[in-house]
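Please read it alongside the sequence and the structure shown here.

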Amino acid sequence: MKDEITREDRVDALGGMGCKRKRVEDARFTQGKGKYVDDIKLPGMLFGDFVRSPYAHARIKSIDTSAALAVDGVVAVLTADDLRPLGLHWMPTLAGDKQMVLADGKVLFQGQEVAYVVARDRYIAADAVELVEVEYEDLPVLVDPFEALKSDVVLREDLVAEDGSLPDGAHGPRKHPNHIFTWEVGEKEATAQVIDSAEIVAEESMYYHRTHPCPLETCGCVASMDKVNGKLTLWGTFQAPHAIRTIVSLISGIEEHNIRVISPDIGGGFGNKVGAYAGYVCSVVASIVTGVSVKWIEDRMENLMTTAFARDYWMKGRISATPEGKITGLWCEVTADHGGFDACADPTKFPAGFMNICTGSYDIPTAYLAVDGVYTNKAPGGVSYRCSFRVTEAVYFIERMIEVLAIELNMDAAELRRINFIRKDQFPYQSALGWEYDSGDYHTAWDKALKAVDYDGLRAEQAQRVEEFKAGKTRKLMGVGLSFFTEIVGAGPVKNCDILGLGMFDSCEIRIHPTGSAIARLGTISQGQGHATTFAQILASEIGLPADSITIEEGDTDTAPYGLGTYGSRSTPVAGAATAMAGRKIRAKAQMIAAYLLEVHDDDVEFDVDRFAVKGAPEKFKTMKEIAFAAYNQAIPGIEPGLEAVSYYDPPNMTYPFGAYVCVMDIDVDTGVTDIRRFYALDDCGTRINPMIIEGQVHGGLTEALAVALGQEIAYDDMGNVKTGTLMDFFLPTAWEVPNYETDYTVTPSPHHPIGAKGVGESPHVGGVPCFSNAVNDAFRAFGLRHTNMPHDHWRIWKTANDLGLHG
Amino acid sequence: MIPAAFEYHRPKDMEGVLSVLAEHGDDARVLAGGHSLIPMMKLRMADVPHLIDLQDVGGLGGIDVADGTIRLGAMVTQAEIIAHEGLAKAAPILREASLQIADPQVRYMGTIGGNVANGDPGNDMPGLMQCLDATFTLVGADGERQIAAREFYQAAYMTAREDDEVLTGVSFTVPSGGYAYEKQKRKIGDYATAAAAVQITRDGETCSGAAIAMTNLSDTPIFSDAAGAALTGTQVTDSDIDAAVKAMLSDIDPTEDNRGPIEFKRHASAVILRRAIARAWSRA
Ligand SMILES: Cc1cc2nc3c(=O)[nH]c(=O)nc-3n(C[C@H](O)[C@H](O)[C@H](O)COP(=O)(O)OP(=O)(O)OC[C@H]3O[C@@H](n4cnc5c(N)ncnc54)[C@H](O)[C@@H]3O)c2cc1C
């Protein structure tokens with residue numbers, strides 16, 4: 001029997017960083033015991049439901065609510081006219097635009113909120129919605145942003161001055177009534193010159209289709225105004241509860257201390273739950289008016305059709321290189337379809353998010369990016385669906401351009417990447433479009449990935465398959481999809497990152513209890529990422545108390561410190577850093593207490609796993625548990641009682657996770673059916689806090705990448721009708737469609753992050769989409785294909801094959 | 001996704017069902033597994049003021065394989081079809097097709113009666129029943145009658161069943177020879193982009209009979225007599241299969257939807273039928 005407790009045992013007992021700690025959340029989630037917003041039931045609670053526009057563009061001639069109001073159980077029907085006196089018929093968007101809460105004279109997209117019915121239960125509300133009579137006069141519909149920029153049809157009359165001139169938008173001058181902004185980065189003339197005079201130039205246009213994050217739980221809220229004490233409590237599916245509190249305060253005039261925002265368990269967000277929606281405003285108003293609480297929960301179609309979409313970027317690229325394949329310049333022009341209102345959720349100074357990460361993992365000396373935002377008759381949104389602020393679009397763009405350049409050069413695409421990677425010794429690396437990449441070791445990761453999949457073997461097999469296909473022996477082609485991505489996450493440094501003026505720091509507050517357990521509260525909010533598990537692990541390692549003795553709490557603005565919430569893979573890079581820093585403050589005080597108790601000088605004790613010990617005399621120590629007790633219960637000269645700390649962390653830079661992915665796919669040329677034979681994903685997210693959670697995040701992100709690449713889209717017809725508004729047509733993959741993923745890693749810690757962690761929640765999505773898409777494109781490379789757009793569903797793949805003459 | 005208010009009836013016998021139907025006419029509908037009807041009600045595409053639940057009505061269950069005939073009660077679920085060993089031996093195409101319908105959760109609820117009575121061109125069982133030349137039994141105020149599956153379908157959601165009739169079961173002769181149910185779909189839980197049901201009998205090297213039906217390629221299932229005839233008496237060579245496919249293509253009339261344009265559907269249906277014939281022939 002082992003009689004001595006080793007240092008290793010003590011490390012294991014903590015359950016700190018690096019261990020595969022089981023998720024503490026899962027006990028309730030797997031037993032159906034989670035508490036989501038729709039589980040909240042308050043006495044006398046009413047239900048809200050929307051009358052929505054069937055038209056994509058129409059003037060509203062009249063709204064008759066009388067039949068609805070006559071229904072027993074209907075309490076109120078709100079229209080824009082009811083909200084106008086309160087100044088709440090419009091609301092600010094996160095992108096500096098404004099958006100109608102309820103249709104003010106016209107509608108701009110199918111499904112737009114027109115009236116809000118409040119009733120005793122949701123069944124009565126749904127019936128009454130049918131009885132509200134709205135008279136529409138339809139207007140010409142614009143669903144194509146290029147058309148919109150030429151059209152005489154003005155979508156937003158509110159943004160045109162009386163004399164017909166165009167006032168500046170939130171991001172500068174506008175060149176057409178349907179134009180929102182132009183955002184330019186990099187050197188236009190220099191880039192044009194480099195590319196125009198280059199020997200090798202590849203050009204391609206690509207459309208990154210509109211899609212939707214489609215979290216399992218839709219958006220919703222419960223607003224409860226207590227008229228006695230003047231306090232408003234708002235529960236909801238908020239990825240940024242503090243930001244919502246501030247926004248509610250700013251638009252309602254209720255002082256911030258009288259507003260309490262609570263995010264209960266959230267069933268997936270992926271960016272969809274960052275913005276402010278009409279449902280929140282109407283529920284708050286309805287609760288103030290009626291004096292009772294009001295619940296609003298979207299159904300699936302409402303969620304897909306009206307709450308924040310993702311992507312919808314038309315991208316045109318030019319890339320130049322020497323004949324040997326060294327890239328010399330990159331040009332990227334984007335036409336961004338933002339729908340009827342600009343409700344993107346990007347930091348203020350970045351109207352196209354971090355699209356300027358589009359030089360990717362490559363040392364590209366000269367580059368230029370221009371993005372034009374455009375209004376159309378589609379739903380507003382434009383959130384970062386499992387990606388930080390348009391990084392998916394940027395990485396897709398560069399990873400497709402690399403493939404197209406490889407074709408132009410008649411070169412292997414893996415080799416082309418290798419010779420252009422930013423070298424390890426170039427970090428920190430200043431990119432041509434303005435970012436300082438903190439760290440990376442791309443060559444090592446790439447070599448490891450290619451070796452793991454036997455890349456040369458795959459190419460040989462593919463070449464043989466092409467021969468067999470040409471000889472009529474098979475109807476299946478094989479694609480090898482490559483992608484090497486560099487993410488940019490952890491927004492962000494307050495000096496250049498804010499949303500609506502709110503700086504994008506984050507926070508952690510820790511209280512150690514006398515008996516040596518603790519509670520830590522953060523400004524972030526988990527939507528499935530497992531924060532309660534991982535943040536406790538960070539703290540366990542920092543303060544020497546077991547992770548199992550640390551409660552992590554998020555999402556209640558009355559108790560949690562101010563923070564900007566969870567999206568854009570920012571929780572670990574920002575709040576995780578705040579957690580470590582707060583932990584270090586605890587440790588600093590604990591050191592003084594330990595020294596006092598051990599009767600030595602502060603500098604003569606050192607931290608060791610779960611204790612402070614006298615230097616050189618490890619048998620003389622005080623455990624953190626003992627120190628915690630002493631902190632509260634022993635009078636120590638010159639030291640206040642208690643053991644608490646708070647840290648607000650303003651990151652000095654973003655973090656730059658990266659990875660190397662390979663997908664092997666077989667494609668049935670006759671049916672367009674794809675079969676993913678193998679998917680290998682190497683991620684470098686810096687320091688790894690919990691390998692099991694990382695693996696889970698990678699699986700989830702890859703699955704959403706598969707969805708987007710192979711079929712998931714929000715499609716509109718010419719009349720602006722949503723064609724994919726249910727899960728019958730909107731592709732949500734199940735276990736059946738998902739391949740086995742092989743995960744791998746390298747570790748390149750972030751040099752500026754307290755624990756070296758970089759974030760991983762979005763990497764697999766960012767890197768996965770181009771990997772799946774490249775596999776499809778690659779399968780047809782031998783037959784002359786340069787590029788075909790996503791989503792690669794059966795009929796589009798079939799069409800690609802058909803256009804290439806592969807059906808005889 | 002909340003249906004309009006409705007009255008829920010749960011009679012204990014067929015008499016009770018028929019009397020509610022008689023009283024409310026087309027304001028009443030029977031409910032089997034509900035996995036087609038309830039979504040339509042929630043989308044408010046079906047307005048059903050009176051819903052008659054069949055689950056307590058006796059005599060609508062059971063799988064019988066006897067005397068060369070197979071009889072399935074209307075309330076037999078797809079899961080029961082899959083699980084039934086005797087049925088799998090006698091008519092293996094039923095299990096093969098059922099396993100391609102939706103997912104296990106839906107299959108525990110969805111019934112053969114609901115699937116064939118629904119009239120949705122996307123349902124897989126109607127084409128299969130036409131392939132097997134099944135007979136449907138209907139009961140109404142005037143008693144029982146029989147109608148061939150091949151005569152039953154008129155247009156999308158329009159069948160030969162009168163509003164006041166209930167389908168009590170399907171029956172067909174135990175099939176012989178080779179079989180295949182081949183279906184292309186976008187994902188689990190999806191209706192067919194194209195599907196083919198094929199039964200082939202063989203006499204030495206020669207095909208002695210073939211029945212072919214297609215799903216979701218017109219506003220009804222398509223039993224292609226000509227396609228079957230094109231194979232009968234041949235040795236099922238590539239050119240014979242070509243002829244069958246050609247015949248099938250002139251019988252179907254697909255429309256464009258999110259699964260793809262007409263051109264693609266015609267191509268895919270040809271591929272699917274080819275594969276189905278090849279597999280069925282290899283099993284014959
Ligand atoms: C996600 C999903 C995926 C699906 N995928 C497929 C698929 O790939 N292929 C496929 O074939 N089906 C599919 N289905 C449909 C499923 O198989 C249905 O359950 C089936 O079509 C209808 O059977 P039901 O018992 O649920 O009928 P119900 O929904 O109860 O009824 C359907 C219709 O038939 C009528 N009806 C029912 N029983 C009788 C009767 N005995 N007499 C007269 N009228 C009757 C009802 O009044 C109603 O109009 C899917 C369903 C879902 C939800």
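A salt bridge is counted where a side-chain nitrogen of Lys or Arg lies within 4 Å of a carboxyl oxygen of Asp or Glu. By that rule Arg44(B) forms a salt bridge with Asp127(A), and their closest N and O atoms are 2.7 Å apart. The model is predicted, so that local features need pLDDT of at least 70 and side-chain atom pairs count only at pLDDT 80 or more, whereas totals for chains, interfaces and linings use all residues. Residues are numbered from 1 along each chain as its sequence is written, chains are lettered from A and ligands numbered from 1 in the order in which they are written, and side-chain values use heavy atoms, with hydrogens and water left out.

**Interface of chain A and chain B**
- Chain A contributes 28 residues and chain B 24 residues to the contact (heavy atoms within 4.5 Å).
- About 2,200 Å² is buried between the two chains, with 59% of it on carbon and sulfur atoms; buried area is the accessible area (1.4 Å probe) that two parts lose on being put together, summed over both.
- Met728(A), Trp795(A) and Trp798(A) provide 27% of the area that chain A buries against chain B, more than any other three residues.
- Four salt bridges are counted between the chains, and 14 residue pairs are in polar contact, both residues being at pLDDT 80 or more.
- A polar contact is a pair of N or O atoms within 3.5 Å; within protein, one must be able to donate a hydrogen and the other to accept it, and residues adjacent in sequence count only if both atoms are side-chain atoms.
- On the side of chain A that touches chain B, two or more residues come from each of α5 (122–131), α10 and α20 (794–803) of chain A (helices are DSSP runs of H or I, at least four residues, and strands runs of E, at least two, numbered from the N terminus).
- The largest share of that side, five residues, belongs to α5(A).

**Domains of chain A**
- An automatic or database domain assignment supplies the bounds: domain 1 (7–34 + 506–649), domain 2 (37–141 + 218–266 + 273–306) and domain 3 (309–490 + 654–803).
- The C-alpha centres of domain 2 and domain 3 of chain A are 37 Å apart.
- Domain 2 and domain 3 of chain A bury about 1,800 Å² between them, 63% of it on carbon and sulfur atoms.
- Between domain 2 and domain 3 of chain A, zero salt bridges are counted, while eight residue pairs are in polar contact.

**Domains of chain B**
- Chain B is assigned domain 1 (7–53), domain 2 (63–173) and domain 3 (178–283).
- The C-alpha centres of domain 2 and domain 3 of chain B lie 20 Å apart.
- These two domains of chain B bury about 2,000 Å², of which carbon and sulfur atoms give 59%.
- Three salt bridges are counted between domain 2 and domain 3 of chain B; Asp124(B) forms a salt bridge with Lys183(B), the closest N and O atoms being 2.8 Å apart.

**Ligand surroundings**
- The ligand is surrounded by 30 residues, the closest being Val30(B), Gly33(B), Gly34(B), Thr111(B) and Asp124(B) (a heavy atom within 4 Å).
- An oxygen atom of the ligand lies 2.7 Å from a backbone N or O atom of Gly34(B).
- A polar side-chain atom of Thr111(B) is 2.6 Å from an oxygen atom of the ligand.
- In the side chain of Tyr191(B), an N or O atom is 3.0 Å from a nitrogen atom of the ligand.
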